[in-house]
Amino acid sequence: MVNKILDNIKTLMIALIIAVLIRSLLFQPFYIPSSSMEPTLLIGDRIFVSKYTYGYSRHSFPFSPPILNNRIFNSKPNYGDLVVFKTPSDGRTDYIKRLIGFPGDEIQIIEGELFINKEKISRTEINNSFKIRCADSVSEVIAFKEKLPNEKTHTAVYNKIGSMMNSDLYIVPKEHYFFLGDNRDCSQDSRFLSSVGYVHQNNLVGKAQMIFFSNDTKKGSVLKFWNWNESVRIERFFKRLK
């Protein structure tokens, strides 16, 4: 009897170690709780993030133990990557935003247009009526297909009324990155230096790769499986992110 209990404990410990290794070194699931990345990511989306894409830092591991001073197997991200990172303000909170600026880049919004290194980012208005959330309200927005310096495109939305027309000039420091939310007027991101600001390379957690499950929380909790026919967004299952 005692041997059987010990065998069960051993099996559980091995399973736990394997799960921690997969979560730390390969893939980690995340839940999207806010609308800052709409329409790319919706509240209730659940995504897989690859932990190996940019190498590893202490933030790759649960509870961010102080075991690494710098990144190992470091690989640089690309413009437009959807990146999960730990916020500089506390080193604990996970944010996901789109990478817009590299070390040395100059970022500024002028008359509602995004500029990188004094070059206006090409954008084309999308004739599509997105219903975009911001906190508890739904905002009227204008959607654009923006093209970053590496030719990568993404959809960004701006409020029709009250959009940020002009910003400070941001110069990205060495070993840091600049991030924006796709829902430009409803995102705490690198424009807000006191809360997010420039993100050090060691704070990168991984790259968002895929939505594996999605549930509209306004139509019902994921635990209420009897409402899944109304709340579950099957069309978003296994959607690749770019």
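Buried means under 20% relative accessible area. By that cut-off serine 64, at 11%, is buried. All views below show a predicted model.

**View 1**
Serine 64 lies in the loop between β2 and β3. Its phi is positive, about 45°, although serine 64 is not a glycine. Most residues other than glycine have a negative phi. Serine 60 is found in the loop between β2 and β3. Serine 60 is buried because its relative accessibility, 0%, falls under 20%. Beyond four places in sequence, serine 60 contacts Arg23, Ser24, Lys51 and Gly55.

**View 1. Glutamate 111 in the loop between β5 and β6.**
The loop between β5 and β6 holds glutamate 111. Glutamate 111 has a positive phi near 50° and is a residue other than glycine. Is glutamate 111 buried or exposed? Glutamate 111 counts as exposed, at 54% relative accessibility.

**View 2. Strands β1 and β2.**
Strands β1 (27-31) and β2 (45-50) have a loop between them. The two run antiparallel and are joined by five bridges. Phenylalanine 27 stands opposite serine 50 in β2. One face of β1 is covered, with Gln28 and Phe30. The other is uncovered, with Phe27, Pro29 and Tyr31.

Proline 39 sits in the loop between β1 and β2. The peptide bond from glutamate 38 to proline 39 is cis, with omega near 5°. Most peptide bonds are trans. Threonine 40 is also placed in the loop between β1 and β2. Threonine 40 counts as buried, at 15% relative accessibility. Which side chain makes a polar contact of 2.6 Å with that of threonine 40? The partner is aspartate 182. Beyond four places in sequence, threonine 40 touches Asp45, Leu82, Arg98, Thr155, Asp182, Ile211, Arg236 and Leu241.

**View 3. The open sheet β8-β11-β12.**
Three strands make up this open sheet, in the order β8-β11-β12, with antiparallel pairing. β8 (122-126) and β12 (153-159) stand at the edges. Each edge strand has a single partner, so one side of each is left without a neighbour in the sheet. From one strand to the next, the twist averages 35°. Strand β11 (residues 141-147) pairs with β12 over seven bridges, in the antiparallel sense. Lysine 145 stands opposite threonine 155 in β12. Threonine 155 is also one of the residues that threonine 40 touches.

**View 4. The disulfide of cysteine 134 and cysteine 186.**
The whole structure holds one disulfide. The link joins cysteine 134 to cysteine 186, with an S to S distance of 2.2 Å. With 95° about the S-S bond, the link is right-handed. The pair connects distant parts of the chain, 52 residues apart. Cysteine 134 is in strand β9 (residues 132-134). Cysteine 186 is in the loop between β14 (176-180) and β15 (199-200). Which accessibility class does each cysteine fall into? Cysteine 134 is partly exposed, with a relative accessible area of 21%. Cysteine 186 counts as buried, at 19%. The two values fall on either side of the 20% cut-off for burial.

In soluble globular proteins, nonpolar side chains tend to be buried together. The largest nonpolar core here has 22 residues. Ile100, Ile107, Leu114, Ile116, Phe178, Phe179 and Leu204 touch the most other members. Two or more residues come from each of β3 (82-86), β4 (94-101), β5 (106-110), β6 (113-116) and β14. Which element gives the largest share of this core? β14 does, with four residues. Isoleucine 116 is in contact with Tyr79, Ile100, Asp105, Glu106, Ile107, Ile121, Leu148 and Pro149, leaving aside neighbours within four places in sequence. A second, separate core has 13 residues, including Ile32, Met37, Val84 and Ile96.

Note on methods. Residues are numbered from 1 along each chain as its sequence is written. This is a predicted model: local features need pLDDT of at least 70, side-chain atom pairs count only at pLDDT 80 or more; totals for chains, interfaces and linings use all residues. Side-chain values use heavy atoms; hydrogens and water are left out. Buried means under 20% relative accessible area, exposed over 50%, partly exposed in between (1.4 Å probe, protein chains only). A polar contact is a pair of N or O atoms within 3.5 Å; within protein, one must be able to donate a hydrogen and the other to accept it, and residues adjacent in sequence count only if both atoms are side-chain atoms. Contact means heavy atoms within 4.5 Å. Two strands pair if DSSP finds at least two bridges between them. Axes are lines fitted to C-alpha atoms, for helices over the stretch in contact, and angles run from 0 to 180 degrees between N-to-C directions. A disulfide is a pair of cysteine sulfur atoms within 2.5 Å. A nonpolar core is a set of buried Ala, Val, Leu, Ile, Met, Phe, Trp, Tyr and Cys residues joined through side-chain atoms within 4.5 Å.
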